[in-house]
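Please read them next to the model.

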Amino acid sequence: MKFFGSSKKREAFGILERILIDLGTIQNSFLQALKKIALNFSVLKSQGILGLVYISEIFVLEILELRGNLDQKLFKMMSKSYTNLLDLASGNFPIMGRERKRLPRVMTVAGVISELDDDNANSVSSDVPSSIVQDRIIIVANQLPVKAKRRPGNKGWSFSWDEDSLLLQLKDGLPEDMEVLYVGSLNVEVDSNEQDDVSQLLLDRFKCVPAFLPADILAKFYHGFCKQHLWPLFHYMLPFSANHGGRFDRTLWEAYVAANKIFSQRVIEVINPEDDYVWIHDYHLMVLPTFLRRRFNRLRMGFFLHSPFPSSEIYRTLPVREEILKALLNSDLIGFHTFDYARHFLSCCSRMLGLEYQSKRGYIGLDYYGRTVGIKIMPVGIHMGQIQSVLKLADKEWRVGELKQKFEGKTVLLGVDDMDIFKGVNLKLLAMEQMLKQHPKWQGKAVLVQIANPARGRGKDLEETQAEIYASIKRINEKYGQNGYEPIVFIDKPVSLSERVAYYTVAECVVVTAVRDGMNLIPYEYIVCRQGNSTSESESESSGPKKSMLVVSEFIGCSPSLSGAIRVNPWNVESTAEAMNEAISMVEPEKQLRHEKHYRYVSTHDVAYWSRSVFQDMERTCKDHFRRRCWGIGLGFGFRVIALDPNFRKLSIDAIVNAYVKSKSRAILLDYDGTVMPQTSINKTPSQEVISLINTLCGDAKNTVFVVSGRGRDSLSKWFSPCKKLGIAAEHGYFVRWSADKDWEVCGQSTDFGWIQIAEPVMKLYTEATDGSSIETKESALVWHHRDADPGFGSSQAKELLDHLESVLANEPVVAKSGQYIVEVKPQGVSKGLVAEKVFTSMHENGKLADFVLCIGDDRSDEDMFEIIDNALKNGVISSTTSVFACTVGQKPSKAKYYLDDPSDVIMMLDALADATDSPPSSDGEIGSP
């Protein structure tokens, strides 16, 4: 791409060009369109800009159309930064012409949202006025917590709260003064001519904002992608054939993305990004965080998954696996019910995105482009108040006495499940059959009451499961049934909470045999109901010790918190049958002790406790949002937000050139790999351009130039043999040479390498045991590499190796450290920071106090140099008026105050300094042989 105009324009176009390199999956027409925009920047600024229209939104970005000229004002707004050019390219521009009706904001004081950081802030403000009186949280889920019903005569709608909805119950754990707004869909179809009136009614009376999905999108989104792909996969069911699970259908994925886009539009209509929190729920909306983050970079946003998250071996089969992971990582907090689910998610991030998590003071976090994405592990609880209120009415609404009379002399086992292929209902029936067979004493006495709630999904698998269940019930009842006795009582209709309470009251044991379930709160409800209501006057609840027994699958989310339950592998029918027998045969005191233990946990870890804990972690994770500088980069689901310290900014070429020209004594310290040489380059020999630039800089008598690298001195001296005046620090500064005509100095505290005889056999042991690992032998150090090993195993082995080396080398003059995919053992007192200190001190002693310092590197070892600069300023080794440019390569947290994006930026900066250098290069020549 040809650059022209001022240096600022050149820099802006450089940024845009580098972004274009990343667009591997986008068709050439789109690339050419963006390049055309960049090349005609000056023309477009005066004449408007052609917009790029989203056809299949975010995911595809394949088909482009040109439409309408936007006016001058719109262009200036959209071209404020390169990120807004990306927004324009991806369809985020104001709708021209007729604009759809917007919902009014719920507010008490009118206000205007302004940009947070002038030109440095790219978080777009909301389109509507804002309330700044108090914090507000927007709960977003697939369905609103309301029930909708047509009025008689088809005259409008009536709405009421769904008291069983978790979204409604979680309000109890939020701050009392916090306003709660809900965004979601309705479980009924509303005609398009009624949608505006329904929206206004729900907003006014319920503070709910409905998202109306077109029928074709709804079918493909919910019954298609959610229920045919995500739900089975997250429950460990792979689509092995077209008839078993179904193949991946990209049109269903596009509908999923389109539905999430509609939800995002409804959120955007009512959000105040500076005051509001957004809490997104469940697998239906996993890409919603990207849509919202694209629009509001500093938005405080959390996501909670209410289903299992599968292991990486299962999840990685999903064709859109990385898109979903990256979308979730645009949240600030990601919540799971159990550590297993969180561990699987973290494993996927490690194996597919190369992200490693850290645990600090009990909190788990993923560093993602400068943002810390919190991981929350907290199982949800039940609403104690709701259960307690139903307990008072249970005797009246569902005559518990009649149930006791019906099952008099019988021992009742209870199952309450959705009619679902993963609930293991038939396995439970088979276990009941096995128990009656193995323990004949229960024939005629034990009854399994199985309540089956209506199925939420549909399909051939569900139909086969239902047929299998009915066949098992018929067979068992025919085989073991007697006059007036059926071992299986099957209730296949909706059962209210008050009806369930009645069954809980008479059940001796609840059995849950789901083969995979996100949480399952049935055991919690049962425990509370068996405890009874302390204020109840019912004789059945006020007398006698409290007891309950549970047989639960080890594959459900609530299992880890129920330590007194009998856990089973539901696939092992014989073992489950024995567990059921043990539960109903257990002595009364043991049942009471187990019940008391469970009740203490369930009563204190209710839904309010859960929502309070999650919200507090969301607050903690988001506390620095408005202090940090944020901007978005990337297209499609590659979009992410870079968050950096406000004092951390991109190195301005103009600024460094100005300081360079004015200075009289300069120190220039350059890392090699990842700084002037790309990490991905196979040929590590420096280019002729790099040699020429370094020669030019070295030719100026005002400059002291050093290459400071972890590489060996032989390689570095050969590669830079044409640079006669260049100083080289090899192996992180163990060997130092001030120029080509000087001898190498050894800067380590010890020349005794007897420790190698101890460390090398240990490393070889781990190399043999870790496929993909290797040992690099340097003159002064040993390095164990595991970049090509399995990520999880390699990381685990590296920790073990580090611990092993620290133990066996405790009395040796060396230090063992871990780095990015390495474990290194090197002599004590060797670091790049000491090289920098040596250079500054030497210049000071020779009367050349540095008034210009450029120090640039890309990895953890270079941070030592950045740290030494601060110490040198304090100690007077360099002047307090010195122009200091400590710069890291890549936008990441660093002790440096500046950054450049990549080695090409570094070369561009060095080129600018070479152009400003007074003296010609002292010599030029060919590159040394590697």
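Buried means under 20% relative accessible area, exposed over 50%, and partly exposed in between (1.4 Å probe, protein chains only). Helices (H or I, at least four residues) and strands (E, at least two) are DSSP runs, numbered from the N terminus. This is a predicted model: local features need pLDDT of at least 70, side-chain atom pairs count only at pLDDT 80 or more, and totals for chains, interfaces and linings use all residues. Residues are numbered from 1 along each chain as its sequence is written, and side-chain values use heavy atoms, with hydrogens and water left out.

1. Helix α29 covers residues 832-845. The expected span of a helix is 1.5 Å times one less than its number of residues. For the 14 residues of α29 that gives 20 Å, and the end C-alpha atoms are 20 Å apart, which agrees. Just after α29, Gly847 has a positive phi of about 75 degrees.

2. Which residues of α29 are buried? They are Lys832, Gly833, Val835, Ala836, Val839, Phe840, Ser842 and Met843. These pack against β23, β24, β25, β32 and α30 (contact: heavy atoms within 4.5 Å).

3. Helix α25 (residues 688-698) is mostly covered, with 8 of its 11 residues buried. Among them are Val690, Ile691, Leu693 and Cys698. The partners of the buried residues of α25 are α24, β24, α26 and α31.

4. A search of the whole structure finds 0 disulfides (a pair of cysteine sulfur atoms within 2.5 Å). The sulfur of Cys887 is 9.3 Å from the closest cysteine sulfur, in Cys855, too far for a bond. Cys887 is buried, at 0% relative accessible area. Cys529 is buried too, at 6%.
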